[in-house]
Amino acid sequence: MRSSIHCAWVFPIALVLPLPAFGDPAAATDDRRFPPTFITIEGHRDLTPEDWKDPRLCGQCHTYQYEGWNGSMHSNAFRDPVFQALWALAEKADPSMRNHCGGCHTPIGISTDTVKFHPDEPLHGAFSAPEVAEMGVSCDVCHTISGTNLQKTAVLEHGNSSYILNPGNTKLASLSDAESPYHETGYSDHHAKSDFCGNCHNIFHPGNNFPIERTYDEWKYSIYAQNGIQCQDCHMVPVDIAVKVADTLKRPEELDEPSLEGFVGLGGPWRKVVHKHGFVGGNAVITAVMGKKDSDSPEDLGRDSNYEEAVKRLQTVASLKLAVTNQGGPLHQVKVRVTNERAGHHLPTSLTELRQIWLEVVITDNKGRELRRSGSLGPNNDLPKDTMIFNAHAVDANGQDTHFPWEIARFVDVNTIPPKGWKYAKYYFNVPDDAEEVKIIAKLHYRSFDQYIADKLLGKGAVKVPSVEMVSVEETYPVAALKAASLADAGDHH
Amino acid sequence: MKTTITLAFGLLAALASVPAVPAEIAPFAWSRSTLDLIASGDVTRGGEIAQKEKCQKCHGDAGIAEDDESTNIAGQVAAYSFKQLVDYRTEVRENRDMKKAVRSLSLQEMADLAAHYAAQAPEAPAGGVEPPKLVTEGDEGRLLLACNTCHGKNGEGMGFEVPALAGQKGGHFDETMSAFRDGDRGNDQFGRMRFVASQLSPKEIAAITAFYAAPPTEEEE
């Protein structure tokens, strides 16, 4: 009887209460003032750019952190010309993309509704915002995030700007005993967890909810998450420490590394771990272009270090292993194993339909004859069709190939490498009768996007997309030994 | 044979008379061991070293200078003083007299000296001057935090890195700010003070100096 009464009450209430506007970009409710993002403001108050602190002020006391942030992808999140071009195309295709992309690239601009689009600016249009909003993901953005709205998202997971903002004098971070003569401090466990980063590093299509960028999800179902390793443990420490974290699956605090110690704020106590704020990943293109140090002024602190850090990350994240077998007669096979040794997410991650990690393999014999080549860049900075590329193949609702996130309906092929996982690539080649040795060189390369995308976004020939050699391996094999191994193997099978 | 022996003895005697070359000192860096070393500074030993090294000639008997251009070091934050001594020795901070003064000091002796002077009572500011807005509020439009945000409400310094300003000699204070502004002094970590000073006019520096400075010495009056 009691159950029936409950049901009777619940039913009419469900009819009366408005349903959340999941996946409906046009619906702006009090709960979703910046659709299709999931940004909310504490107290539902209106914000202005004056509510936010200039990061250069924060840098006066938190200079080590500012040095890391300045020139980072977070600092360039709004100004990044590749992003601006992609965002402009998105805006022209669907104006709701302004909020969708801007929610993570300029949280201040979106939450203050001050982003302006200039459609006639070359090449595809450009966005502007108040100076403090153009500073991207700055100190005051992250340190005034007071919670997550993951329970409001369409997929009930972090993502699509699922954060709660509460700008003001209280700055939140993961130190429980912090004191400051300049601002109030508040403890936030959220800031020390991957869940915090997941509010932006997990993006699903706002219309069809397809998971496009799955960095947080990839981590969540990885051995790193199982061992309590958070995004911050690798991306907020120098690369040499990140390598140790990945190899030992221990958090930086457990490594007892004196190099991590320091002052968190000017005049404050000595801390066991001081976090770098460059959040460096693999984007060596934009950090090279925009992270460049322009002068010796304090404002340029650290601007040239993020590129170097990104390259180091790329060069320590993966390994290659070769195995060669005779397949009968002159035919041989080399199997290349590519292992994701040290990324707590897939390789590559984020916009996997744009990112490219690929294998270049060159096989020669002792007489200098080239027996096989794959994955070498062509004269137009393009990759041959047979190249083994680790990325995702996206299509739109009509099944047509697309590189544009707002068009993606699904991935038809996902060839990314999970954390601590590996993938194989096989190459076949014939060895001439008179060859005594074969030499195999395999290289793994990375670039943020291919030349086609660069030409499309920035104009034909505007930039030549650089790539980074991540790792290489070179082995020489005596042909006779390969044949003998093959015969022995055949004998074993018989 | 006799000549050879004499020469050998002479060489040894000559070597023995050469003062021991002080060990090389690495540029200053904050670390756990640096903080431990600073904490190990002995006030009494530091007093003895100060006497021996004749620090009082410039800095006065108890760390309070007798002329307006020299530095008051009484009551200064020990870690800050220690850093300055290392910086003089490694020539990160340039000053001919101080370079000479610290050339034979060991790191432990520097820590002792820093502890000794930190334990002395600082000279009081002259007072009677309203704090300029830059001291209490700063000017965020110029990215300037209030002086007292970092240097303490009463200019007493903060933590390990931030020096006390209150009661500093006016001439030295003004000269230091100008040196930061003009880039003549560059041993401030991350260029923090160079940036601050670069934003200030001579008039503003004078106003800040007047607020923090000790009374002018008699010769100056």
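I looked up B:Lys54 and found it in the loop between helix H3 (43–53) and helix H4 (56–59) of chain B. Helices here are DSSP runs of H or I with at least four residues, strands are DSSP runs of E with at least two, and both are numbered from the N terminus. The model is a predicted one, in which local features need pLDDT of at least 70, side-chain atom pairs count only at pLDDT 80 or more, and totals for chains, interfaces and linings use all residues. Residues are numbered from 1 along each chain as its sequence is written, while chains are lettered from A and ligands numbered from 1 in the order in which they are written.

I noted that phi of B:Lys54 is positive, about 60°, although this residue is not a glycine. Most residues other than glycine have a negative phi, and most peptide bonds are trans.

The cut-offs, with C-beta atoms placed from the backbone, are 20 or more other C-beta atoms within 10 Å for buried, 12 or fewer for exposed, and partly exposed in between.

A:Leu249 sits in the loop between helix H13 (239–248) and helix H14 (252–255), and its 17 C-beta neighbours inside 10 Å make it partly exposed.

Last, I looked up cis peptide bonds. One joins A:Pro35 and A:Pro36, with omega about 5°; A:Pro36 is in the loop between helix H1 (2–16) and strand S1 (40–41) of chain A. Another runs from A:Pro122 to A:Leu123, with omega near 0°; A:Leu123 lies in the loop between strand S2 (116–118) and strand S3 (126–128) of chain A.
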